[in-house]
Amino acid sequence: MDETEVVVRAVREVGEDTVALELETPPAFDARPGQFVQIRGEVDGEAITRHYTLSSPDVFEPRSNGSSDESEGGAETFEITVGVDPEGDLSPWLADREAGDTVGVDGPYGEAYYEGEESVVLLAGGPGVGPAVGIGERAVADGHDAVVVYQDDAPAHEDRLRALADRGATVVMTDQALADDERVRETLREATGQLFVYGFADFLDAAEEALAESGHDFADAKAENFGPS
């Protein structure tokens with residue numbers, strides 16, 4: 001899909017310095033949980049683009065009459081989660097959006113997405129919680145098993161993570177290095193399924209170490225590197 005202007009439906013705080021933007025699904029938008037989009041905003045007259053991974057379990061293109069096929073489990077909006085850096089060039093602008101504003105969307109991109117695997121093991125660091133919670137919700141809704149290991153000293157989407165645990169998913173949150181947390185090590189030793197890893201480069205390095213120590217091969221993971229932290 002080429003870049004399209006879409007309407008912001010809602011912006012809400014989901015953690016410390018973290019917001020979720022609910023965006024109208026544009027025509028011909030076909031994205032899977034775990035993929036990312038390019039978002040463009042006009043900040044002080046300058047066009048700025050950044051990539052953000054979907055944090056919703058569904059996207060669904062609205063029908064021409066404005067309705068969506070709820071029987072398919074879809075939605076006429078999708079969500080991205082934005083970590084807000086006060087010194088950043090686009091994230092503070094996104095956090096200030098209101099319902100009815102517009103942003104540019106291009107995509108989706110990325111190969112590290114959910115394809116209906118019967119069991120998923122999700123490792124998320126910092127902003128990686130967005131795709132992790134979206135995939136976890138989709139997998140559980142499909143009747144599949146989900147394990148979420150989330151490392152952050154200021155966690156986001158805690159309500160959705162608790163809801164996932166209530167629905168039978170295994171959820172472990174930690175503010176320690178993955179390899180230093182016994183709960184993480186035990187969870188990973190027992191976990192089976194398709195591995196997904198999302199986060200900044202240093203988190204991916206830590207995840208590779210923790211996975212190796214628990215008997216997993218990082219090469220088997222669908223991983224998305226968000227770049228330097």
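Guide: Ground rules come before the tour. This is a predicted model, where local features need pLDDT of at least 70, side-chain atom pairs count only at pLDDT 80 or more, and totals for chains, interfaces and linings use all residues. Residues are numbered from 1 along each chain as its sequence is written, and side-chain values use heavy atoms, with hydrogens and water left out.

Visitor: How many helices and strands does the protein have?

Guide: The protein has 5 helices and 11 strands. Helices (H or I, at least four residues) and strands (E, at least two) are DSSP runs, numbered from the N terminus.

Visitor: What makes the protein as compact as a globular protein of that length?

Guide: Its radius of gyration is 17 Å, close to the 17 Å that the globule rule gives for 229 residues, so the protein is as compact as a globular protein of that length. The radius is taken over C-alpha atoms, and the rule is 2.2 Å times the number of residues to the power 0.38. Along the principal axes, the C-alpha atoms fill a box of roughly 50 × 45 × 30 Å.

Visitor: Why is Glu 79 called buried?

Guide: Its relative accessible area is 7%. Buried means under 20%, exposed over 50%, and partly exposed in between (1.4 Å probe, protein chains only). Glu 79 is therefore buried. Buried residues make up 50% of the 229 residues.

Visitor: And what makes Arg 12 partly exposed?

Guide: Arg 12 has a relative accessible area of 36%, so it counts as partly exposed.

Visitor: How do you know that Arg 12 and Glu 79 meet in a salt bridge?

Guide: Look at the N to O distance, which is 2.6 Å. A salt bridge is a side-chain nitrogen of Lys or Arg within 4 Å of a carboxyl oxygen of Asp or Glu. The Arg 12 and Glu 79 side chains therefore form one. Arg 12 lies in strand β1 and Glu 79 in strand β5 (residues 77–83), so the pair ties together parts that are 67 residues apart in sequence. The structure holds 17 salt bridges.

Visitor: Why do such side chains pair at all?

Guide: Side chains of opposite charge can pair when their charged atoms come close.

Visitor: Which parts of the chain does the pair of Glu 115 and Lys 222 link?

Guide: The closest N and O atoms of Glu 115 and Lys 222 are 2.6 Å apart, in a salt bridge. Glu 115 is in the loop between β6 (102–109) and β7 (119–125), and Lys 222 is in strand β11 (residues 222–225), 107 residues away. Lys 222 is buried, at 14% relative accessible area.

Visitor: What about Glu 137 and Arg 160: buried or exposed?

Guide: Both are buried. For Arg 160 the relative accessible area is 12%. Their salt bridge has its closest N and O atoms 2.7 Å apart. Glu 137 sits in helix α2 (residues 129–141) and Arg 160 in helix α3, 23 residues apart.

Visitor: Which residues gather in the patch of negative charge?

Guide: Glu 13, Glu 16, Asp 17, Asp 85, Glu 87, Asp 153 and Asp 175 gather on the surface. Charged patches are made of residues with over 30% relative accessible area and no salt bridge, like charges being joined within 9 Å. Asp and Glu count as negative.

Visitor: What is the accessibility of Asp 17?

Guide: Asp 17 is at 47%, so it counts as partly exposed. It lies in the loop between β1 (4–15) and β2 (18–24). Asp 17 also has a positive phi of about 55° although it is not a glycine.

Visitor: Where does His 157 lie, and what is its phi?

Guide: His 157 lies in the loop between β8 (145–151) and α3. Its phi is near 55°, a positive value in a residue other than glycine. His 157 has a relative accessible area of 0%, so it is buried.

Visitor: Which peptide bond is cis, with omega near 10°?

Guide: The bond from Gly 107 to Pro 108. Pro 108 is in strand β6.

Methods:
Patches are made of residues with over 30% relative accessible area and no salt bridge: like charges are joined within 9 Å, nonpolar side chains (Val, Leu, Ile, Met, Phe, Trp, Tyr) within 5 Å. Accessible areas come from the Shrake-Rupley method with a 1.4 Å probe; for residues, only the protein chains shown count as cover. The place of a charge is taken as NZ of Lys, CZ of Arg, CG of Asp or CD of Glu.
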